[in-house]
Amino acid sequence: MKFTVSSSAFSSRLTAASKVLLSKNTMPILECFLLDVKNGHVSITASDGEKYFTTSVPLIDCDNNGRLCVPARLLIDSIKELAEQPVTLDFNPENMEIRMTHQTGYFTLMGQDAEVFPTQANTEADATTLKLSSTTLLKGINLCINATASDQLRLIMTCIYLDVHEDYINFAATDGRKLVRYTNKECKAGMTTSMIMPKTVAMVLRNTLTPDTDLVFTFDKQQAQLHTDELDFSFRLVEGNYLNYNAVIPTSNPYCATVDRASLLGAMKRVSVFCNQSNGLTKIHLEGGLVKLTAQDIDYGRIAEENLLCEYTNSPINIGLNCFYVMDMISVLDSEHISVQLADASRPALITPLEQPEGEETTMLIMPMMLNE
């Protein structure tokens, strides 16, 4: 079997598929790409045993259909430095040798039998189908992913929750100390359903999806499949009941300050150098049109203070927050100004963008920390 393909198109699709590969695999075959040549295209499939990512590239020329497995890292490294040009892969199934020829030379490597590559599980016949724009999905992922946990003992909290209603969709994530809820009312699914998406899946989608692409999700309780014109992605869902994220968001917050987002982010980055690095405790004081940030590390005798202008007319209030959490939250917002809302020093702080697109609503929550006063 011999086929010819554009080097740049082939390289970009190989790189996209490689996002699901693991550095260590229980099965050696999972260190390979499955190449399936048919109908004028070469399909590239990569898997870690639970996730299957498939994309395709049109062929310039082909003499026959066929399937083979190729070592993934070796193939990527060998082709990524080539300038745009046709490259030809010639596969000999008798000795499993692959010869790849380009304008200035060639290289050879050994392939493996495609029959060894594991097959992916299919969704059940009564699976749910959800249509969604990639722009909506990408925004939900970007806003929520910093609020997911990294502790695998609480698996559900490492995920992003898609809570679908007839007239809107909520994206939510929390690690128990910070929470993000993104609502998109322009997405009218016409159904009520939900999906718990693993963080690793969200990261792959963030790195491979292009904006303004139509997505089709087909999923049951255990398995989900995503389809676009460019790729197919199959992955296992996390089973369980997601927490009632709406219940932990306080609705009455009399202390409200409006502050420039970029200025607050810069000030937080400066004081974060001087705080206790183990807890990130930063004191936030609101009074008379000013927000004062104070961070200190008593063990090393370090202290930093920043004063910012804000719109605030209520009585003075102090609250302790983790500066690293605040930076994680506001760094992904694109609003020029944000609103910081407080009920009291013992209840969560809410952060919302002041300028939000029509039909969208983003709410961020950070749990308070005890101040030694």
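Me: What makes the sulfur of Cys69 too far from the closest cysteine sulfur for a bond?
Reply: Happy to walk through it! The closest cysteine sulfur to that of Cys69 is in Cys32, at 5.6 Å, whereas a disulfide is a pair of cysteine sulfur atoms within 2.5 Å. The gap is therefore too far for a bond. Please keep in mind that this is a predicted model, where local features need pLDDT of at least 70, side-chain atom pairs count only at pLDDT 80 or more, and totals for chains, interfaces and linings use all residues. Residues are numbered from 1 along each chain as its sequence is written, and side-chain values use heavy atoms, with hydrogens and water left out.

Me: How many disulfides does a search of the whole structure find?
Reply: The search finds zero.

Me: Why does Cys69 count as buried?
Reply: Buried means under 20% relative accessible area, exposed over 50%, and partly exposed in between (1.4 Å probe, protein chains only). Cys69 has 0% relative accessibility, so Cys69 counts as buried.

Me: And why does Cys32 count as buried?
Reply: Its relative accessibility is 2%, so Cys32 counts as buried too.

Me: Why is H1 called oblique to H2?
Reply: The axes of helix H1 (residues 7–17) and helix H2 (residues 72–79) come within 10 Å and cross at roughly 140°. That makes H1 oblique to H2, because angles under 35 degrees count as roughly parallel, over 145 as roughly antiparallel, 65 to 115 as roughly perpendicular and the rest as oblique.

Me: Which residues of H1 and H2 meet?
Reply: Ser7, Phe10, Ser11 and Leu14 in H1 meet Leu75, Ile76 and Ile79 in H2 (contact means heavy atoms within 4.5 Å). By class, five are nonpolar, two polar and none charged.

Notes
Axes are lines fitted to C-alpha atoms, for helices over the stretch in contact, and angles run from 0 to 180 degrees between N-to-C directions. Helices (H or I, at least four residues) and strands (E, at least two) are DSSP runs, numbered from the N terminus. Ala, Val, Leu, Ile, Met, Phe, Trp, Tyr, Cys and Pro count as nonpolar, Asp, Glu, Lys and Arg as charged, and the others, Gly among them, as polar.
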